[in-house]
Amino acid sequence: GLDAPPAEPDDLGAALFDLFARQALLAGETTAPFLWGGSFEVLRNLHEHADVDVGQLGSGIAGVPVTTSLKVGGSLPLAAQYLNCPAGTRAACDDESLQFDGTCWIERSDFVPETPQLDPMPVAPSALGWRAHQLRGYTLAYNVLNAVYDALDRFSVVTITEGFPLPDEDWHVGPHVTNILDKVRSLSESDAPHCFTLKEKMGLPQRLCKSALRGRTEYTPRADPASTSIRGALDDSQRPDDPPGPLYKGDDIENPSAIVPDCEVDAIEIVNLSGKRRRRRAARKKESLSAPGAPGHDRRSRSTVPDDGRRDLAAIEKGTGWQLLHSYGDGCDGRSSSSHACGRVDWNDCLLSGHQGSRGGVWGNETTGWLVMYVNGVENGFVGMNVEIGARGDDGGGAGDPLEALPETFVFEHAVDGIITSLDRDGFLEKARRPSLPGTAVLVLLDDESKSGTKDMVASVRVSGCPADERACQFAVTHLFWS
């Protein structure tokens, strides 16, 4: 039920969350995020030993009227319906028709999708449903608004008693942020051990627990998508075509099930986000018309990454034919206002799903040769990447993980600044650290602390030893990261 405490991650999950939390903290010099949720032990260590602001959200279920029957649940206010269900009505409350009433497509006059749209909308086993997400959103908003109220109340008290202007120490957070960053960089393995175990678990050096990572990916959503893609690390001779524009423009036809009835609480209306969305759409349209790659701009004449003394390496010749696949495009930045562009691609079989998550990658095979990526600003002698092996959807012929289906002749080569490392199938499987997603692997390309100091490097990868049509040897770079 919703009142159950959040499950603690396993040891690997806690270690990865610790790394994620530290990177969120180390990413900026002027702000420090408030960390909500995740491993309790990790949050406790960061708070006690580095003064990090942390919290765990409750369920928000206390005080929600009880749904003693489906009839009673339907009579409750919309925000409280079918949430607080005792054992006798829990199964009925969890029925998909009550918790998931989305749809993949509603007919419109200006566009007909070529890809058949799913009906009904598929539901993942772990999905909570919109009612539970709405309650969590209300709970989070309440805590944020309560904190803002406390701050304004303090400002009022101080200015009443001490006069204007408000003293710097009552609203400047610079010293607080600096204190957190200094302490995170100084955390010892004894005080906060989880992140440091990634050396053994994932082959990631322990210095990443104290230094900021930079990265690129084709996964969405992500901030500033056009500037954080892997395509941005390639020169124009290798860069795949950017994602096409959205299949259709304008707002989606509103799902009748999502329309808030009159006299019910409508959070969007309360904060007037409708008007803000319209202004954002207008601003984004103006930006897109003036951005490189927009109609009227010649992409052949631009270089995504500045020419800063790059050199072609004698033993590494750039390949051709690499493709961007499985991406929702560069319009997915996580904001609600980007939903008018995100995911409107021809292969999407649920155009009204509303979520922005896609696992894009730069894909090739034996015929596409070397993929050469320019990695600027390596400071701590570390370069790594995430790769995906095997055509999307393959299960290795029943093997469970496409990596296990690689042919014996498979060879994976990677290079940093022209120093080539060649791995046969067994060597690749030994070096590749595999998270829970089948077919994916984390690879460390460079781990050399002696190369500390800001440097611009070139990282390259290719596969060979496979028939050109071998689906198991299709290969993608999905993330590139360095420190």
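The model is predicted, so local features require pLDDT of at least 70 and side-chain atom pairs count only at pLDDT 80 or more, while totals for chains, interfaces and linings use all residues. Residues are numbered from 1 along each chain as its sequence is written, and side-chain values use heavy atoms, with hydrogens and water left out.

## Overall architecture

The protein chain has eleven helices and twelve strands; these are DSSP runs numbered from the N terminus, with helices (H or I) of at least four residues and strands (E) of at least two. Of its 483 residues, 39% count as buried. Here buried means under 20% relative accessible area, exposed means over 50%, and partly exposed lies in between (1.4 Å probe, protein chains only). The accessible surface of the protein chain comes to about 25,800 Å², and 54% of this belongs to carbon and sulfur atoms; the areas come from the Shrake-Rupley method with a 1.4 Å probe, and for residues only the protein chains shown count as cover. Among contacts with a separation of 6 or more, 73% are between residues 24 or more positions apart, a contact being heavy atoms within 4.5 Å.

## Strand pairing

Strand β8 (residues 371–389) is mostly covered, with 16 of its 19 residues buried. β8 pairs with β11 in the antiparallel sense over 14 bridges, and Tyr-374 stands opposite Val-458 in β11. Two strands are taken to pair if DSSP finds at least two bridges between them. β8 also pairs with strand β12 (residues 475–482), again antiparallel, over seven bridges; there, the bridge partner of Asn-386 is His-479.

Strand β7 (residues 361–364) is covered on both faces: Gly-361 and Trp-363 on one side, and Val-362 and Gly-364 on the other, are all buried. Three bridges join β7 to strand β5 (residues 323–325) in the antiparallel sense, and β7 and β12 likewise pair antiparallel over three bridges. Trp-363 stands opposite Gln-323, and its bridge partner in β12 is Ala-476.

Ser-460 lies in strand β11 (residues 440–464) and is buried, with a relative accessible area of 1%. Not counting residues up to four places away in sequence, Ser-460 touches Ile-316, Trp-370, Leu-371, Val-372, Glu-413, His-414 and Ala-415.

In the loop between β5 and β6 (358–359) lies Gly-331, which is buried at 14% relative accessibility. The C-alpha atoms of Gly-331 and Cys-342 are separated by 4.9 Å, although the two are eleven residues apart along the chain.

## Aromatic pairs

The structure holds ten aromatic pairs. One of them, Phe-412 with Phe-428, is tilted, at 5.1 Å centre to centre and 40 degrees between the planes. Phe-412 belongs to strand β9 (residues 411–416) and Phe-428 to helix α11 (residues 425–431), so the pair ties together parts that are 16 residues apart in sequence. Rings of Phe, Tyr and Trp (its six-membered ring) pair if their centres lie within 6.5 Å; planes under 30 degrees apart count as stacked, over 60 as edge-to-face and the rest as tilted.

## Salt bridges

The count comes to 23 salt bridges, each defined as a side-chain nitrogen of Lys or Arg within 4 Å of a carboxyl oxygen of Asp or Glu. Three of these pairs are tabulated below.

| Pair | N to O distance |
|---|---|
| Asp-170 and Arg-154 | 2.6 Å |
| Arg-207 and Asp-447 | 2.7 Å |
| Glu-408 and Arg-425 | 4.0 Å |

In the last pair, Glu-408 lies in the loop between β8 and β9 and Arg-425 in helix α11, 17 residues apart. Glu-408 is exposed, with a relative accessible area of 62%, whereas Arg-425 is buried at 10% relative accessibility. Elsewhere, salt bridges that share partners join Glu-218, Arg-222, Arg-231, Arg-239, Asp-242 and Asp-330 into one network.

## Nonpolar surface patch

Phe-34, Trp-36, Leu-140, Val-144, Val-148 and Leu-152 form a nonpolar patch on the surface, with about 510 Å² of accessible area together. Patches are made of residues with over 30% relative accessible area and no salt bridge; like charges are joined within 9 Å, and nonpolar side chains (Val, Leu, Ile, Met, Phe, Trp, Tyr) within 5 Å. Helix α6 (residues 130–162) contributes the largest share, four residues. Leu-152 is placed in helix α6 and counts as exposed, at 53% relative accessibility.
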